[in-house]
Amino acid sequence: MRIAHLVAMVALMGLAACAGRERDITLHNLKTYSGEPEEFSIVPAKPLVQPDSYSELPAPTPGGANITDQNPKADAVAALGGNPTRLQAGDGVPKGDTALISSASRYGRDAGIRSTLADEDLAFRKTRSLFTWSIVPEDEYYRAYRRQSLDPYDWLIRYRKAGAQTPTAPPPTR
C-alpha cells in the first residue's frame, strides 16, 4: 500500500512540475545558482546633463526610453559616423531598405509569417522541453535545436568547391 502511495505522490509531483508551461517555454538556462548578484545585469546610466532650454525637453513617455539610458547600438553607430535614428523602428519600411524588401519578396511573402513561426516554435519548444528535467540544471537550447543548425565550415567548403568567392574564416575549433 505504501508503494502505491509513493507512486501516486511522485506522479502528482511530476504533473505539478509540468503545470503552467503554456505561456513561456524557454530552453536557455541562464541562472547562475550562486546566490550572488549577477554582475552583468548592472548597467550604469549615462551622466545627467543640463539641457540648453527646459522648454524644449521632450514629453515624458511612461515605460519608454530615458535620455540617460544606455543604448550601445546607437552609440556605436554614432561613434562610427552613422545616423543612430535609423535604428528606431518606424511605421513603414525605411527608404534605404525598399530595394532589399522588394528583392526579397519578389516571389511573394506571407504577411503573418512572424506569428506563424512563433506558434510553430512554441509547439517545438513544448515537445522538446517535456522530459528535460535534471538534478543538475543545464542549458537545453543547443541540444534541442541541433538538428536545425548548419555547419558553417561544411557550407564554406561547399561554396568554395562550387567556385564561389568566399571570405576567409577562422579555423574550426573541433
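Is Arg 158 buried, partly exposed or exposed? Arg 158 is partly exposed, with a relative accessible area of 45%; buried means under 20%, exposed over 50%, and partly exposed in between (1.4 Å probe, protein chains only). This is a predicted model in which local features need pLDDT of at least 70 and side-chain atom pairs count only at pLDDT 80 or more, while totals for chains, interfaces and linings use all residues. Residues are numbered from 1 along each chain as its sequence is written, and side-chain values use heavy atoms, with hydrogens and water left out.

**View 1. A salt bridge joins Asp 154 and Arg 158.** The N to O distance is 3.3 Å; a salt bridge is a side-chain nitrogen of Lys or Arg within 4 Å of a carboxyl oxygen of Asp or Glu. Both residues belong to helix α6, 4 residues apart, or about one helical turn. Helices (H or I, at least four residues) are DSSP runs, numbered from the N terminus. Asp 154 is partly exposed at 31%.

View 2. Arg 125 is buried, with a relative accessible area of 17%, whereas Asp 121 is partly exposed at 28%.

**View 3. Asp 75 forms a salt bridge with Lys 46.** The closest N and O atoms are 3.4 Å apart. Asp 75 lies in helix α2 (residues 72-79) and Lys 46 in the loop between α1 (2-18) and α2, so the pair ties together parts that are 29 residues apart in sequence. Asp 75 is partly exposed at 33%, and Lys 46 is partly exposed at 27%.

How values were computed
Helix = DSSP H or I, 4+ residues; strand = E, 2+ residues; numbered from the N terminus.
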